[in-house]
Amino acid sequence: MTDKRDTKRNASIAGSGRFTGGVYGHVEIAGSGTVEGDLEAEEIELSGSSNLQGNVKAKELRTAGACSIDGDVEIGILRSSGSIKINGRVQADSVEFAGAQKVGGSLKAEDVVIGGSFKSGGDVEAERIEIGGTFRISGLLNADEIDIELDGGRSTAQEIGGSKITVRRKRGHLEVQSVEGDEVYLEATEAQTIRGKHVKLGEGCRVDTVEYAESLEVSPEATVRSQVRTGKDDQPSA
Amino acid sequence: MAQIPMISKNEVLKRTGISYGQFYRWKRKGLIPEAWFNRRSTFTGQETFLPQEKILERIRRINELKDDHSLDAIAEMLSPDLIRRTYSASEVEAMDWLSTRARKVYRGLREGQGPYGVNEVLFVAAIEHLMQDGKLTSEQIELATRTMIAGLEALPDDGEDRYLTVARRSSVTFPVVFSGEAYFGPDAAVVVSLDLNEVLAQIKVKLREVL
């Protein structure tokens with residue numbers, strides 16, 4: 001009903017307050033704020049503590065402090081420091097998380113950079129993902145390039161798959177059921193199955209089965225229960 | 001109905017020669033539907049299984065298309081509900097890349113003028129397939145088409161699997177439109193069966209070329 005070509009309203013809360021969702025230009029909450037219902041805006045800036053109670057759609061969402069979103073999130077650029085909790089799914093072009101983050105559903109983006117602690121209730125998909133810290137992914141971590149630096153206690157994922165997968169340890173370890181990639185380098189990883197074309201297992205890896213197509217290197221500080229070379233005699237069909 | 005033959009993801013990669021990177025990229029882009037993934041425990045650990053015929057056919061199609069189209073474009077062609085454009089009945093009748101015979105049958109059956117979704121083109125292409133197959137009489141093709149037109153309105157558009165099957169029991173031939181799996185009874189035989197989403201995928205490639 002409303003004509004969206006009109007100049008969009010802006011909304012801001014300084015101190016404490018609440019407003020109803022809708023379509024906005026710029027939204028800013030500094031202090032403590034609540035937005036009721038779905039929120040669509042060009043740009044959303046949240047600092048302090050805020051609660052968005054519906055779905056959120058914006059070109060850019062920046063948060064600092066404590067932020068919680070009850071619904072799904074569709075964002076161009078998502079930058080968050082401090083703590084953010086999103087109950088629904090996240091779809092974004094680029095995601096930068098620093099601090100503590102929790103996503104209830106899946107996270108899909110082009111580029112993801114995560115620092116701190118990250119938790120997701122669903123799959124995480126990106127073209128490139130960089131994680132420094134700890135994570136719990138209750139699903140598949142799927143990206144073309146996966147670059148992980150373990151820094152903390154225990155990190156877990158159900159499965160990891162992609163083209164180039166690198167896991168290095170600063171502190172802590174990773175537990176995962178399976179890792180599959182064309183180039184796989186792992187440290188401090190406990191896994192049931194690792195499959196890859198070129199696989200390198202570094203210090204602290206404990207793996208049940210490695211299936212590799214072309215090369216395998218295992219550090220003396222890693223243990224592998226069984227290794228199989230596959231694909232050598234197979235002729236790929238056209 | 002018998003269990004659909006499944007194939008492990010590992011075996012898919014071996015047989016097709018695609019890399020893990022490609023496989024996971026295609027999955028991200030939605031070229032390989034989530035519904036096909038079946039995780040199972042095997043003696044070597046966790047393994048994912050997929051419906052053999054579908055996944056091999058899908059990879060063949062992607063390989064065929066990927067040099068000329070972006071992955072996003074391919075995803076659009078392969079997914080059942082992405083083309084939202086509408087068509088009028090006369091527009092469909094004018095699609096001369098569909099056979100004249102099939103368009104004639106369609107014209108005889110469709111009284112409305114539209115606008116219709118892409119399924120409308122699917123009807124004609126399905127008629128064409130049934131005619132080429134040669135196992136049905138023209139009355140049976142008409143009945144199958146009517147069933148398909150009514151049936152597809154009842155099924156969700158984004159259904160992963162949609163089939164038009166013509167079965168025969170004793171001397172009665174009957175068409176069925178269904179999603180997923182169907183069982184026609186102990187002494188029924190399938191005369192002809194069309195995977196409508198597969199037909200639709202072919203149409204989308206064609207539509208992209210001609211529009």
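Modeller: A:Ala100 has A:Ser117, in strand β5(A), as its bridge partner. The pair belongs to a parallel run of 13 bridges between β4(A) and β5(A), the latter covering residues 107-120. Strands here are DSSP runs of E with at least two residues, and helices are runs of H or I with at least four, all numbered from the N terminus. Residues are counted from 1 along each chain as its sequence is written, chains are lettered from A and ligands numbered from 1, both in the order in which they are written. The model is predicted, and local features need pLDDT of at least 70, side-chain atom pairs count only at pLDDT 80 or more, and totals for chains, interfaces and linings use all residues.

On its other partner, β4(A), which spans residues 90-103, pairs in the parallel sense with β3(A), residues 73-86, over 13 bridges. In that pairing A:Ser81 faces A:Ala98 of β4(A). 

These strands are part of an open sheet of nine in chain A, ordered β1-β2-β3-β4-β5-β6-β7-β8-β9 with parallel pairing; two strands pair when DSSP finds at least two bridges between them. At the edges lie β1 (11-52) and β9 (223-229) of chain A, each pairing on one side only. From one strand to the next the twist averages 15° (axes are lines fitted to C-alpha atoms, for helices over the stretch in contact, and angles run from 0 to 180 degrees between N-to-C directions). Further along the order, β7(A), residues 189-201, and β8(A), residues 206-218, run parallel and are joined by ten bridges. There A:Leu201 stands opposite A:Val218 in β8(A).

Chain B meets this sheet through helix α2(B), which packs on it and touches β6 (124-186) and β7 of chain A. The direction of α2(B) makes about 90° with that of β6(A). Residues are in contact when their C-beta atoms, placed from the backbone, lie within 7 Å. By that criterion, the contact between the chains takes 15 residues from chain B and 23 residues from chain A. On the chain B side, α1 (9-16), α2 (20-28) and β3 (45-51) each supply at least two residues. The most comes from α2(B), with six residues. That side of chain B is made up of two nonpolar, eight polar and five charged residues (Ala, Val, Leu, Ile, Met, Phe, Trp, Tyr, Cys and Pro count as nonpolar, Asp, Glu, Lys and Arg as charged, the others, Gly among them, as polar).

Chain B itself contains nine helices and six strands. Its radius of gyration is 19 Å, close to the 17 Å that the globule rule gives for 211 residues, so chain B is as compact as a globular protein of that length (the radius is taken over C-alpha atoms, and the rule is 2.2 Å times the number of residues to the power 0.38). Along its principal axes, the C-alpha trace of chain B spans about 55 × 45 × 25 Å.

Chain B also has an open sheet, of three strands in the order β5-β4-β6, with antiparallel pairing. Its edge strands, β5 (172-178) and β6 (188-195) of chain B, each pair on one side only. The twist in this sheet averages 20° from one strand to the next. Seven bridges join β4(B), residues 163-169, to β5(B) in the antiparallel sense, and B:Thr165 faces B:Val176 of β5(B). Helix α8(B) packs on this sheet, touching β4 and β5 of chain B, and its direction makes about 25° with that of β5(B).

Key. Contact = placed C-beta atoms within 7 Å.
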